[in-house]
Amino acid sequence: MYPFSEGSFAVRNGWYVAGFSADLGSEPIARTILGMPVALYRKADGTAVAVGGRCPHRNFPLGKSCVKGDDIVCGYHGIAFGPDGKCTDIPSQKVVPGSYQIPTYPLVEHGMWLWIWPGDPENADPAKLPDLEAIGYADPTMHAVPMFTHEVACRYQLLNDNLLDLSHLAFLHASSIGNLENATVPEETSQEPGILRSRRYIKDAPPIPSLRERMGEGFRVDQVVGMDFYLPGFHAGIGDHFYSASDPDRPGEAIQISRVFHAVTPATPTSCYYFFGLASLDRSEAEARRARLADVIDEDIFASVEIEKMIGLMGGAPDELMIKSDRNAVLGRRMLQAMMDAEGEEEEPFAAA
Amino acid sequence: MYPFSEGSFAVRNGWYVAGFSADLGSEPIARTILGMPVALYRKADGTAVAVGGRCPHRNFPLGKSCVKGDDIVCGYHGIAFGPDGKCTDIPSQKVVPGSYQIPTYPLVEHGMWLWIWPGDPENADPAKLPDLEAIGYADPTMHAVPMFTHEVACRYQLLNDNLLDLSHLAFLHASSIGNLENATVPEETSQEPGILRSRRYIKDAPPIPSLRERMGEGFRVDQVVGMDFYLPGFHAGIGDHFYSASDPDRPGEAIQISRVFHAVTPATPTSCYYFFGLASLDRSEAEARRARLADVIDEDIFASVEIEKMIGLMGGAPDELMIKSDRNAVLGRRMLQAMMDAEGEEEEPFAAA
Amino acid sequence: MYPFSEGSFAVRNGWYVAGFSADLGSEPIARTILGMPVALYRKADGTAVAVGGRCPHRNFPLGKSCVKGDDIVCGYHGIAFGPDGKCTDIPSQKVVPGSYQIPTYPLVEHGMWLWIWPGDPENADPAKLPDLEAIGYADPTMHAVPMFTHEVACRYQLLNDNLLDLSHLAFLHASSIGNLENATVPEETSQEPGILRSRRYIKDAPPIPSLRERMGEGFRVDQVVGMDFYLPGFHAGIGDHFYSASDPDRPGEAIQISRVFHAVTPATPTSCYYFFGLASLDRSEAEARRARLADVIDEDIFASVEIEKMIGLMGGAPDELMIKSDRNAVLGRRMLQAMMDAEGEEEEPFAAA
């Protein structure tokens, strides 16, 4: 499906963010991951696990049920399943058939995220998770916090496209975090297996509106803006602002240092999850920026949902006229398509409505 | 369609509840019964009738129109139809063609309900209505009141499944009307033509939460809990609580005596009506229980709608893993399927969307 | 599609109202016109133009973007297009390929409306616009004002059907602007190329409810009620009320003189725009009638949306039983069908959902 080849929906063999660790407490969480119902919960010892989110008895969502000890207990008729997916209790009978079970999914906590592997569990190697140092999460001078969890009414690739082309900062976020240089300064990109990097080094530019509002006029900045796409669904970004190297008083001094973490996880063909987190120099700065960043993320969601509606109006597969700045997004799409092609034909996760 | 065989939607030749008698006043009511638009109204003498709910002139809903004398008058262009379905007036012309008419449906008031027969009118025998004594409605010591009318976004059988397996009381309603014994005490079922009965006789159990809240702790109860399914869409239930036979002070004394009446009527393939009524020893008791029962019914609706969504996510026909307590629900489904099979192929009431 | 032949959706070669002139300011407006995304905006000199509403780069809606000078600038990545559809700026690159462009649509301001021509631009002759004198807009004694813009969840023809059969005033608007004579007095219709006229000359009738409320009882009226359908989507109506010619005191004296302007523009197969305007003897009278007319238009929308839902329930193509008063609506449908047939097969604007 657009923008991939017909029949291609999403890479299955990859780590996707299923949520923030901090959001998974004593209640389970229901998610739809690549078309599959999933329940996330914590065992008695706190270990997070992911199991099939559909009770095989009567199709009630286990993710809207409850947890007892190590088990998830269906809220409808009380059938319980362990973290290995095996049924542990059917309250209305004494014998539990060994065949009574639900799927399980590899789930690991890594950084501040819960990562799920919807594909073949044999391949679920934690070594394939994004490196926490490389993404800037492990930096001891920075403080990372979860910001927002959204379920968005658009195909996941529209959010990936958004993150793979930061020239949109200059327009979609013109009132907050963008300046024209985000579009005009040439982008540097580089590829390595499973990662696609993009950077813009902006020199001696007017500060972005959010800095101008806070600090007034009369100074210019150097900026480093970029995003590293860790396929299939994680983007680690950088947004650093310094006094311009030509500033008379404080040349090159840091003004605002940020790492941003965008995770995009396919839900249904036309919906996805969007998890956004931020690392700043201290927690109070992160909190101070929460409200403005909420608006910024809402603008990205607005654009993506509008595009989903437009795709629907155009019958599902609109033409596109590419421009040079699409190079990175096109690379990202190609890398995802290649991963899907390598997975070969799989059973279609979505039946006809 | 799930959980019936492909092409099977609902039994047509049977009495279904179309509403509570008390809710049908001088205004008509619009319903969709087994995919057919229906208008319910009262003639001048108060007799309730059911006619096709679609004005054949311009497709305006007659159920959202008005009544004049014995006729229902389309709210759009004033075309009137009598309770026999024949057009009685076309305001813009003098001659009314004899062929200008709408369908009619057998409708009877029986107990506190309006019962409609969507199938062949020739078969609409009132003797096939549930017996008011047998269902506990006619008991002179009890006072029956309509409680709730809901249009629910799920296929009707999900509510029937709910009512055919009361082991769910132990979990879905664990905070109000269920105790674990609802799931663990063996169920006794029996069948006769058109009726499927289920009972649980619970002995010396802890009282359900709603009784504990009202009466405190320190006593145990005997319970009779059960449901009689009058196919195709009516469930008459019993929920009686007594001090345990081993209670030192009041052995076997009645605490709370209830008859519950659940009517489930197919609307569209994925929606239905749910009419709930209650009989208590007096009206004030019934009213006192209204708020809590609203929560209980909402839990049933929540579960059923969640399951409908899950069925949609699974492409319409999920697998099921049966357990022993499904015996009664499976019997109920089989009886319905047999009735549908006996009706043979009918024109599909729903065209492609 | 109903009520036209299979495959027929709407006349493409015709002027449709896209909005009121007064509503198009410095911000663009997004519309869906016959299935096509369209952006309306004003150039620097105030000229209104219509261009394709989809940015060909990433499918963002240009109608939800912004205007700079003569150009519309995509809100996502800043790509700009001139009123001739040609790309004028791609901020992230220096060269703008000549092939980078969007469609344009003939748009003219005429009366108080913006008129768009969704078909072949070669045929977009302003001489085919409704004559402002003929429709009663240019009358110097009358004051015309825009009233309401609605996006309605029904196929456009249901609103046309409504306007082509004013016998509905007697019932749908019985509490406000209708009396029984609207249905019973014979209709006079006449046709000329592209126009279908209907009139009822009502003599010595009881005044409509809105006049009775304002002026009390004890008088009778003569009325002229009618509608001229300027195909494919504009209806100019008349609603004049006079003291009856037999009134003892003021025979034939005018009470209320109105011209009404209903424009109906197809959006998607099951939605449309409805623009309503009114001309009265003075502006204050028009404003005084705004609230009541809002209710009247809401009744028409209610009926049309209910019918759309009924059509859906009936599988898309319900039978109809015609009556004599349908003559005008049937003529209108036939004229539209003939225009569609003359346009021949075109690419289906809507792909499968």
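(A salt bridge here is a side-chain nitrogen of Lys or Arg within 4 Å of a carboxyl oxygen of Asp or Glu.) C:Glu306 sits in helix H5 of chain C, while B:Lys64 is in the loop between strand S4 (48–52) and strand S5 (66–68) of chain B, so the pair joins two chains. Helices (H or I, at least four residues) and strands (E, at least two) are DSSP runs, numbered from the N terminus.

Another pair to look at is C:Glu320 with B:Arg58, whose side chains meet in a salt bridge at 3.1 Å, N to O. The count between chain C and chain B is three salt bridges, and over all chains it comes to 54.

## How the numbers were made

Residues are numbered from 1 along each chain as its sequence is written, chains are lettered from A and ligands numbered from 1 in the order in which they are written, and side-chain values use heavy atoms, with hydrogens and water left out. Because the model is predicted, local features need pLDDT of at least 70 and side-chain atom pairs count only at pLDDT 80 or more, whereas totals for chains, interfaces and linings use all residues.

## The C–B interface

Now for the whole surface between these two chains. On the chain C side, 31 residues are in contact with 28 residues of chain B, contact meaning heavy atoms within 4.5 Å. Together the two chains bury about 2500 Å², with 61% of it on carbon and sulfur atoms. Buried area is the accessible area (1.4 Å probe) that two parts lose on being put together, summed over both. C:Phe171, C:Leu313 and C:Leu321 supply 25% of the area that chain C buries against chain B, more than any other three residues.

There are also 13 residue pairs in polar contact between chains C and B, both residues at pLDDT 80 or more. (That's a pair of N or O atoms within 3.5 Å; within protein, one must be able to donate a hydrogen and the other to accept it, and residues adjacent in sequence count only if both atoms are side-chain atoms.) Helices H1 (156–164), H2 (181–184), H5 (290–313) and H6 (327–343) of chain C each give two or more residues to the side that touches chain B. H5(C) gives the most, with seven residues. By class, that side of chain C has 16 nonpolar, six polar and nine charged residues.

## Helix H5 and what follows

H5(C) has 24 residues and reaches 34 Å from its first C-alpha to its last, close to the 34 Å expected at 1.5 Å a residue. The expected span is 1.5 Å times one less than the number of residues. After H5(C) comes C:Gly315, whose phi is positive, near 85 degrees.

## The C–A interface

Against chain A, 29 residues of chain C are in contact with 31 residues of chain A. Chains C and A bury about 2500 Å² between them, 61% of it on carbon and sulfur atoms. In chain C, the residues that lose the most area to chain A are C:Arg58, C:Asn59 and C:Tyr76, together 28% of what that side buries.

The count between chain C and chain A is three salt bridges. The side chains of A:Glu306 and C:Lys64 meet in a salt bridge (3.0 Å, N to O).

Key. Nonpolar A, V, L, I, M, F, W, Y, C, P; charged D, E, K, R; others polar.
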